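Please have the structure open while reading.

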Amino acid sequence: PTRTVVWTAGVKPSPLLAEFGGAYNAPQAAYVTRVGRRIAVQSGLSNSESDFTITLLNSPVNNAFAIPGGYVYVTRQLTGLMNDEAELASVLGHEVGHVAARHSAKRNQQSQLGAIGVLLGTIGAGLLTGSQQIGQLAQQVLGTGAQLWVLGYSRKQEYEADDLGVEYLARAGYDPRASSTMLASLAAQSALDQRLARTQARSAPTWASTHPDPASRVERAARMADSIGSRSTVRNRDAFLAALDGTMYDDDPKQGVIEGNSFRHPDLRLMFTIPQGFGMANGTKAVSISGNGGQGQFSGGRFTGDLQSYIANVFRGLAGERGQIDVGEVRRTTVNGLPAAYAVARAATQSQQVDVTVFAYQFGPGSAYHFATITPAGQGNPFGSMFQSLRRLSAAEAAAIRPRKISVVTVKPGETAAILSRRMAYGTAQLDRFLTLNALSPNQPLRPGQKVKLVVYG
């Protein structure tokens, strides 16, 4: 369904917070707030640390951002990639730098984002034809709209925020070189994500991808740190790792989990599989599916017991205030024992026509879920296998879905990266994940007594 988001300086953006899973209410949050306020006050935006609201987000996406009004956000996933307190401060300082330099205001003057309500057919054309403006609107409606706030900075603006972040580190008494080491970890994670994408269909925005080409910025950030002349080497690694220990990593099962091509939700007791070549991004209210052949969303809605009325309500929500969609006949079927129904609508756009499909399932007397997809008109629907894959999870299958968490361990004599990586809670690329998580090179030996991070089942 369409959502209206108005960005106003000084007003807490609740829809944005919800889009990233809400606040992560865990002991780590207080630590992040303390570090964030210490670095944010270096910007001169306020002399009082209490004027800054630092929020740790319950999101499996690597991201961080800040908005006017003193609001700074970092995801728990990104903190898992960090290896010391100075790196945490570098990320938060970079984002505060964007606000201090008024990059958001400059960008908004160009993009003119504001209250938005659009016809799904119109946005579909943007997604399918590559129209940047309409494509951005589509992202908002399809459940990733909050991320618009953190996308689209120019290279010049990124460099400026990098420079400000390094300065803030030095002023706060941290090692200013932490910015370059954090950017190096982001570059390594980005490269690993690209390699894993060949076999895994998960597609989610990362901090590295929203801040272009982190690899090219590593050396530049190091030079900036050297030019400042700070002799501080404060990194507070032990304190950071002690605080990080136990932090959830990857998906929160309460919001559903993505494993390869499959989405599973233990509380809703359902799962589905997307086609090869498509990716998923899990939001708090919907799962977005994207690929070259179309776009889609999986979510639920108010259900009164009639699938035909349910589908009609979904189409009305998609149309919003921009007009009507000509909906075809509602057809009934059964999918894996579930009563189901679907309808296809043809929508005209400025450049072409698209087919909008709503495929709904009845899960019980008062619950229903649906897919809404957009595909080029008359070219078939690549999501057919996905529609047929939705099914209930058994109690045993639901119980088997466990959260992952960061576990900080001390290296024992004789333990190597290869040995420790076998404890990583993944079926593939265990060593590569371990090395990237700990900012280690492939041949770098481990020292007895050294602390390292693992991702294990909680």
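The model is predicted, so local features need pLDDT of at least 70 and side-chain atom pairs count only at pLDDT 80 or more, while totals for chains, interfaces and linings use all residues. Residues are numbered from 1 along each chain as its sequence is written, and side-chain values use heavy atoms, with hydrogens and water left out.

A search of the whole structure finds 18 salt bridges (a side-chain nitrogen of Lys or Arg within 4 Å of a carboxyl oxygen of Asp or Glu). The table gives some of them.

| Pair | N to O distance |
|---|---|
| Glu 85 and Arg 38 | 3.8 Å |
| Arg 235 and Asp 84 | 3.1 Å |
| Arg 404 and Glu 259 | 3.2 Å |

Helices (H or I, at least four residues) and strands (E, at least two) are DSSP runs, numbered from the N terminus. Glu 85 lies in helix α4 (residues 85-100) and Arg 38 in helix α2 (residues 28-40), 47 residues apart. Glu 85 is buried because its relative accessibility is 1%, and buried means under 20% relative accessible area, exposed over 50%, partly exposed in between (1.4 Å probe, protein chains only). Arg 38, at 26%, counts as partly exposed.

Arg 235 and Asp 84 are 151 residues apart, in the loop between α11 (214-228) and α12 (237-244) and the loop between α3 (76-81) and α4, respectively. Both residues of this pair, Arg 235 and Asp 84, are buried.

Arg 404 is buried at 10% relative accessibility, whereas Glu 259 is partly exposed at 34%.
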